[in-house]
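Dear colleague,

I am passing on a structure that you have not worked with before, and below it I set out what was found in it. Please keep in mind while reading that the model is predicted.

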Amino acid sequence: MTSVLVGLDAAVLRELNSLVGGSWSLDQVILEVRTNPIFKGIVPMMMLWGLWFGGAAEGMARNCLRAQLLATVLVACAAIAIGRALALWLPFRLRPIHTEGLALKTPQGFDAAGTLDGWSSMPSDHAVLFFALATGIFAVHRTLGSLAFLHAAMVVSLPRVVVGVHYPSDILVGALAGVTVAALLGPVFVALTLRWGLLAQERARPGLFYALMLAVTFQVASIFDSLRALLGTVAEILLA
């Protein structure tokens, strides 16, 4: 049974990977969508901020709405950390683009050799993060939440399989982890947000509150790339 699932995983990967290598223009579109935050993290953050300033949604009181959205931001931070922890805890899985025998096509202009070499493929931390965000948005607005799930699957996750950065199962496991993290931690963070009076700080110290929210949502939108780079530099300095 396991061998059948592994074979199906590889077969779906090869089928999706067949989209690249034939057209330079299509390759560039796929690569741009895969890497540019305009297509990835900025989309759910636009949804979040639109809901934040748009007032009540689907009968929710404004205070409850904002508590849920603030909890979603906190869940996103937890989700990316949990995604990284799972990648370190689960058995190491070589990226498809670094796996001999798959005979994958490489998009024109894509540096396959230098992409995520040494990083485990399972699970996709992108899937963990974006499906967690979609779950939080869905909790307050069904229509936008459905679009967020579609965005997480088709815009964020699919190009990563197409270019061979992930297997389909990496995405599936990441998506399940993201939804589970949001479902379990979301209510906890909503309760803590209300108990600690975080929304009261928005009224009492709006300058500080929104400055911090800008910093955090920027990190989420950019998949914490700058923070990861900073932590990597600090680690190198400390270990030198």
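By class, the residues that line the largest cavity are five nonpolar and one polar, with no charged residue among them. That lining is made up of Val 43, Pro 44, Phe 130, Ala 134, Ala 148 and His 151, and the elements that give two or more residues to it are α3 (42-53), α5 (125-140) and α6 (142-162). The volume of this cavity is about 30 Å³, and a search of the whole structure finds one cavity of 30 Å³ or more.

The second largest pocket, for its part, has a volume of about 220 Å³. Two or more residues of its lining come from each of α4 (62-89), α8 (198-204) and α9 (206-221), and of these α9 gives the most, with five residues. The lining divides into 10 nonpolar residues, one polar and one charged; among the residues that line this pocket are Leu 70, Val 73, Leu 74, Cys 77, Gln 201, Arg 205 and Phe 209.

With best wishes

Notes. Residues are numbered from 1 along each chain as its sequence is written. This is a predicted model: local features need pLDDT of at least 70, side-chain atom pairs count only at pLDDT 80 or more; totals for chains, interfaces and linings use all residues. Side-chain values use heavy atoms; hydrogens and water are left out. On a 1 Å grid over the protein atoms alone, a cavity is a set of points where a 1.4 Å probe fits but cannot get out, and a pocket is an open set with protein on both sides within 12 Å along at least five of seven lines; lining residues have an atom within 4 Å of a point. Grid points are joined across faces, edges and corners, and a volume is the space filled by probe spheres set on the points. Helices (H or I, at least four residues) and strands (E, at least two) are DSSP runs, numbered from the N terminus. Ala, Val, Leu, Ile, Met, Phe, Trp, Tyr, Cys and Pro count as nonpolar, Asp, Glu, Lys and Arg as charged, and the others, Gly among them, as polar.
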